[in-house]
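Biologist: I am new to this structure and would like to learn how to read its features one at a time. Could you give me the general idea each time, and then the case at hand?

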Amino acid sequence: MYDTQFGNGKILAEKFQKEFSGEYEVKTGDVKDIDPQTVANDNPDVLILGGAIRMFRGATKSKKWLKRLDKALKYKGNNIKYATEFLTHGLPTDKVQGFKKRYHKKLEKASSIENVYPEILTARVKEQEGPILDSEMEKAQNYIHDIINWIK
Ligand SMILES: Cc1cc2nc3c(=O)[nH]c(=O)nc-3n(C[C@H](O)[C@H](O)[C@H](O)COP(=O)(O)O)c2cc1C
């Protein structure tokens, strides 16, 4: 899942999808289009939730979506086994550590999620509209491989 304004979050989500495909069935969607209830009913094994920092606020929409998903999962009695997050941003990486931590905490707080990967992925964009920096795409590629190994 992702929250995107200019498509960078979608690009990252599709990168995850490409790397996971073959071994896993992967669905992607924007948090504004996909009702958490639908995902709770679908009962996936893995959740990868993307967000963006905008106006010095970290992944607001994605955090709200996660809260609703957790409620819907609890109601259904379903759990998600593995989850992680990614965060796109314009500021230098060392300036977004607080946003990263707070976003990560929301995932840890979600009681219907069993295992949270200890590190979330951050991806810096060159301009507000993108693109994601090449070095950040390389970092993402390694991160995705680590996640795949983690859930195996
Ligand atoms: C109105 C606006 C405010 C933004 N504020 C921040 C900010 O406070 N900190 C930051 O790191 N990036 C900021 N950005 C950059 C966004 O993080 C970037 O546009 C976004 O991650 C790109 O991903 P997307 O195409 O998926 O939306 C801002 C972008 C916009 C459009």
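**Reading the model step by step**

Modeller: Let us begin with Met55, which lies in the loop between β1 (46-54) and β2 (57-58). Helices (H or I, at least four residues) and strands (E, at least two) are DSSP runs, numbered from the N terminus. This is a predicted model, in which local features need pLDDT of at least 70 and side-chain atom pairs count only at pLDDT 80 or more, while totals for chains, interfaces and linings use all residues. Residues are numbered from 1 along each chain as its sequence is written, and side-chain values use heavy atoms, with hydrogens and water left out.

Biologist: What is the phi of Met55, and is Met55 buried or exposed?

Modeller: A residue is called buried under 20% relative accessible area, exposed over 50% and partly exposed in between, with a 1.4 Å probe and protein chains only. Met55 has a relative accessible area of 77% and is therefore exposed, and its phi is near 50°, a positive value in a residue other than glycine. Phe56, which has its place in the loop between β1 and β2, has a phi near 60°, again positive in a residue that is not glycine. Phe56 is exposed too, with a relative accessible area of 66%.

Biologist: Where is the cis peptide bond, and what is its omega?

Modeller: The bond that runs from Gly130 to Pro131 is cis, and its omega is near -5°. Pro131 belongs to the loop between β5 (121-124) and α5 (134-151).

Biologist: How many helices and strands does the protein chain have, and what pattern do they follow along the sequence?

Modeller: The protein chain has five helices and five strands, and their pattern, read along the sequence, is α-α-β-β-α-β-α-β-β-α.

Biologist: How should I read the radius of gyration of the protein chain?

Modeller: The radius is taken over C-alpha atoms, and the globule rule is 2.2 Å times the number of residues to the power 0.38. For 152 residues a compact globule would come near 15 Å, and the protein chain has 14 Å, which agrees. Along the principal axes, the C-alpha atoms fill a box of roughly 40 × 35 × 25 Å. Of the 152 residues, 45% are buried.

Biologist: Which residues does Phe86 touch, and is Phe86 buried or exposed?

Modeller: Contact means heavy atoms within 4.5 Å. Phe86 lies in strand β3 (residues 80-89) and is buried, with a relative accessible area of 1%. Not counting residues up to four places away in sequence, Phe86 touches a set of residues including Met1, Leu12, Phe16, Ile48, Tyr103 and Leu121. For the chain as a whole, among contacts between residues at least 6 apart in sequence, 76% join residues at least 24 apart.

Biologist: With which residues is Lys74 in contact, leaving aside its neighbours within four places in sequence?

Modeller: Lys74, in helix α3 (residues 60-76), is in contact with Ser111 and Ser112 when those neighbours are left aside. Lys74 is exposed, with a relative accessible area of 52%, whereas Ser112 is buried, with a value of 2%. Ser112 is found in the loop between α4 (97-109) and β4 (113-116). Lys74 and Ala40 are 34 residues apart in sequence, while their C-alpha atoms are 8.8 Å apart in space.

Biologist: Which side chain does a polar contact join to that of Ser112?

Modeller: A polar contact is a pair of N or O atoms within 3.5 Å; within protein, one must be able to donate a hydrogen and the other to accept it, and residues adjacent in sequence count only if both atoms are side-chain atoms. The side chain of Ser112 makes such a contact, of 2.8 Å, with the side chain of Asp70.

Biologist: What does the side chain of Thr4 reach?

Modeller: Thr4 has its place in the segment before α1 (8-20), and its side chain reaches the backbone nitrogen of Gly9 at 3.5 Å. A polar atom of the Thr4 side chain also lies 2.8 Å from the backbone nitrogen of Gly7. Leaving aside neighbours within four places in sequence, Thr4 is in contact with Gly9, Lys10, Asp30 and Arg54.
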